[in-house]
Amino acid sequence: MEFPRCLTLLLIALVFLMSCSSVAAKFPALFAFGDSILDTGNNNLLATFSKCNVAPYGMSLPLKLPTGRFGNGKVFSDVLTEKLGIKDELPAFSSLNLRNRDLPTGVCFASGGSGLDDLTAKVQGVIPLGLQLNHFKQYFTRLKRTEGDLRASTIVSKGFFLISAGNNDFGITKAMNLRPALTTITYTAMLIPLAKTFVRQLYELGARKIGFMGTLPLGCLPGNRAFAGEIFCNEIMNMGAKYFNSKLEEAMGDLQRTLPGADIFYIDVYNPLMEIVRNYERYGFKNPSIGCCCAGLLPCPKVEDHVFWDIAHPTEKAYRIMLNTIIPKYSNHFTS
């Protein structure tokens, strides 16, 4: 009597695994745009201080080498690419090692320090969104040469497009008062149309599945906690981030309703990270407020104890925990 029961359980497990595989195979590629949350090395060859192709960045990667990722290991775009079953990591478009065989499964165009506001990228010498879009067009041309027009268009139309922008606009341009005439409300009113325009441009190039990430809880990043003695989050910055996120979510909803055949949605990363910061011990962390790196370029003894890698970026562990919340919350977008 036990054998049929075991066989039944085995069949249930196989069906479950097969269903997971079909979900993972739904997206042939992932394309990332925006800032350092997603950048996998596009700033390495730029004349900018906003790059991290130096040790100890990358210390948790398999080869323990700096790749230009703004973290100890994989960044958000890598982890999502992995979780969707596309490939282990997302290569940077600007990498000299980018191979033709990497193209069909997607690449990263994001640039650490960039934002919706061109001024944000300009003051740091990094790649603005407009140039990232041009890089995507170059990629598309190259993909057509290697895969043919029909297959290239199918990869783009069925691929997952991920955007992270706004963090640096508020964390750098607004915080440094580079737009002195603008308040949080008026600056948001300037940025949101730029976000909508960028999404429309991707849509016109064939993108149909587009997820736009909101900002992190900027006031809880280690660099911004310094204004409160590293004990409390900077709630003024958090209020600005929440206001921007609310308007971005509305804007993505508008686009979803007006662009035929598109699946465009807002991705909340503010609350998943805030949950980790507030209840860090529950998730196996010991320090939610100080970055592991990099006083004198020496990392902390145990990076797994830290929510943040440096003054502005979560650790790979934190990204993974965030995605464990995000993917189920938006399961209808990640699976259809």
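User: Where is Asn 177 found?
Analyst: In this predicted model, Asn 177 is in the loop between α6 (167-174) and α7.

User: Is Asn 177 buried, exposed or partly exposed?
Analyst: Partly exposed. Its relative accessible area is 47%.

User: And Lys 64, where is that and what is its phi?
Analyst: Lys 64 sits in the loop between β1 and α2. Its phi is near 55 degrees, again a positive value in a residue other than glycine. Lys 64 is exposed, with a relative accessible area of 58%.

User: Which residues does the cis peptide bond join?
Analyst: Ala 55 and Pro 56, with omega about 10 degrees. Pro 56 lies in the loop between β1 and α2. Most peptide bonds are trans.

User: Switching to aromatics. How many pairs are there?
Analyst: The structure holds 22 aromatic pairs. One of them is Phe 33 with Phe 109, which is stacked. The centres are 5.0 Å apart, with 15 degrees between the planes.

User: Where do those two sit in the chain?
Analyst: Phe 33 is in strand β1 (residues 30-34). Phe 109 is in the loop between α2 (76-83) and α3 (118-122). The two are 76 residues apart, and both are buried.

User: Why does the pair of Phe 33 and Phe 198 count as edge-to-face?
Analyst: Because the planes of Phe 33 and Phe 198 stand at 70 degrees, and the centres are 5.6 Å apart. The cut-off for edge-to-face is over 60 degrees, with centres within 6.5 Å.

User: What does that pair tie together?
Analyst: Strand β1, which holds Phe 33, and helix α7 (residues 184-204), which holds Phe 198. These parts are 165 residues apart in sequence. Both Phe 33 and Phe 198 are buried.

User: Which residues make up the cluster?
Analyst: Ring pairs link Phe 31, Phe 33, Phe 93, Phe 109, Phe 136, Tyr 139, Phe 140, Phe 161 and Phe 198.

User: Which residue lies over the face of Phe 140?
Analyst: Lys 144, at 4.4 Å from the ring centre. Elsewhere, the charged end of Arg 208 sits over the ring of Tyr 203, 3.9 Å from its centre.

User: Last one. How do α7 and α9 pack?
Analyst: At an angle of about 35 degrees, with the axes 10 Å apart. Helix α9 covers residues 235-258. The crossing is right-handed.

User: Which residues meet there?
Analyst: Among them are Leu 191, Ile 192 and Val 199 in α7, and Tyr 243, Phe 244 and Leu 248 in α9. The contact divides into 11 nonpolar, three polar and four charged residues.

Technical notes:
Residues are numbered from 1 along each chain as its sequence is written. This is a predicted model: local features need pLDDT of at least 70, side-chain atom pairs count only at pLDDT 80 or more; totals for chains, interfaces and linings use all residues. Side-chain values use heavy atoms; hydrogens and water are left out. Rings of Phe, Tyr and Trp (its six-membered ring) pair if their centres lie within 6.5 Å; planes under 30 degrees apart count as stacked, over 60 as edge-to-face and the rest as tilted. Helices (H or I, at least four residues) and strands (E, at least two) are DSSP runs, numbered from the N terminus. Buried means under 20% relative accessible area, exposed over 50%, partly exposed in between (1.4 Å probe, protein chains only). A charge sits over a ring if NZ of Lys or CZ of Arg is within 6 Å of the ring centre and within 35 degrees of the ring normal. Axes are lines fitted to C-alpha atoms, for helices over the stretch in contact, and angles run from 0 to 180 degrees between N-to-C directions. A crossing is left-handed if the near helix is turned anticlockwise from the far one by less than a right angle, and right-handed if clockwise. Contact means heavy atoms within 4.5 Å. Ala, Val, Leu, Ile, Met, Phe, Trp, Tyr, Cys and Pro count as nonpolar, Asp, Glu, Lys and Arg as charged, and the others, Gly among them, as polar.
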